[in-house]
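Please look over the sequence and the model shown below.

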Amino acid sequence: MAATDLLTHRPTVECFPRIEEELPVTFQIGIVATEGIVLASDTQQRVTERQFTDGSEYIADTIINSSKISICERHSIAIAFAGWSDEDTFAGDMLAKHLNALPSLTDDEIGPILKVWGNDYYSKSRLASGPSRGPLANLLVLRPSGRFPLIKLGVNYESSLRDSKTYMVSGHENNAAVFWLEYLRVHRETRDLDVSTAIAAVTVLTAGEINPHGIGRLEVWQFRKSWRPLPDDEIEALT
């Protein structure tokens, strides 16, 4: 089966609502292609959590859809946000603004700059109370010109970095949809941007079928010479 055929042949997957309620609420993926890079993310955000009453009924949660991707124009960097607190929703925008103010950003500079920013952001958070078992937020940083085009910043008391030259997932990383990435050997085979976009899209869409309570809809950005968001008609063609 060709990679592009996955969009029309992807399976429908069901899972129990109780399990869905425990899962993180974001799924994002960046893939390096032969002539560029693609970033795909869901857009679903829960504004209020569902609340159970004393009886068997519950008050449904409130869901909106908005972009989780920010762009640093000066250095051609895309940033995808994944976090668990309403107050951190704009962390991607804040990091993009911080990076945009820097006159230069080399391979040697990017790592230390991200860690210092992450530590500072964490120290100012109302949730900060010393080291945390997990990151306050994950920021997937895509820098096409970098030695490692994909960097994940885990915001914590001592923020962490992971990098990759092939692909990277952020958010609900153990979602079973990552099967497509292994099956298609994305870590070993670099494909063109259109095929890589199809792979990223089907992975996000499958993640939403597995966890519809937390993951929904799709936005895609591509980089060739500059970052551009896919318009609605191209998104519609992918879905």
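How many salt bridges does the count come to?

## Basis and count

The count comes to 11 salt bridges, where a salt bridge is a side-chain nitrogen of Lys or Arg within 4 Å of a carboxyl oxygen of Asp or Glu. This is a predicted model, in which local features need pLDDT of at least 70 and side-chain atom pairs count only at pLDDT 80 or more, while totals for chains, interfaces and linings use all residues. Residues are numbered from 1 along each chain as its sequence is written, and side-chain values use heavy atoms, with hydrogens and water left out.

## Salt bridges across the sequence

One of the salt bridges joins Arg162 to Glu173, with 3.5 Å between the closest N and O atoms. Because Arg162 lies in strand β11 and Glu173 in the loop between β12 (167-171) and α5, this pair ties together parts that are 11 residues apart in sequence; helices (H or I, at least four residues) and strands (E, at least two) are DSSP runs, numbered from the N terminus. Arg162 is partly exposed at 46% relative accessibility, and Glu173 is partly exposed at 31%, on a scale where buried means under 20% relative accessible area, exposed over 50% and partly exposed in between (1.4 Å probe, protein chains only).

Asp194 forms a salt bridge with Arg224, the closest N and O atoms being 3.7 Å apart. Asp194 belongs to helix α6 and Arg224 to the loop between β13 and β14 (227-229), so this pair ties together parts that are 30 residues apart in sequence. Arg224 is partly exposed, at 40% relative accessibility, and a network of salt bridges links Glu35, Asp194 and Arg224.

## Two arginines with positive phi

Most residues other than glycine have a negative phi. Arg185, although not a glycine, has a positive phi of about 55 degrees, and Arg185 lies in the loop between α5 (179-183) and α6 (193-210). Arg185 also forms a salt bridge with Glu189, in which the closest N and O atoms are 3.3 Å apart; Arg185 is partly exposed at 35% relative accessibility, and Glu189 is partly exposed at 37%.

Arg217, likewise not a glycine, has a positive phi of about 60 degrees. Its place is in the loop between α6 and β13 (219-223), where Arg217 is exposed, with a relative accessible area of 61%.

Helix α4 (residues 107-123) has 17 residues and reaches 26 Å from its first C-alpha to its last, close to the 24 Å expected at 1.5 Å a residue, the expected span being 1.5 Å times one less than the number of residues. In α4, the residues Ile110, Gly111, Leu114, Trp117, Gly118, Tyr121 and Tyr122 are buried. They lie on the same side of α4 because they cover an arc of only 140 degrees around the axis, the arc being that of the directions from the helix axis to the C-beta atoms.

On the other side of α4, Asp108, Val116 and Ser123 are exposed. The cover over the buried residues of α4 includes α3 (91-100), β9 (137-142), β10 (150-155) and β11 (160-164), with contact meaning heavy atoms within 4.5 Å.

Thr203 is found in helix α6 and counts as buried, at 0% relative accessibility. Leaving aside residues up to four places away in sequence, Thr203 touches Phe27, Ala177, Trp180 and Leu181.
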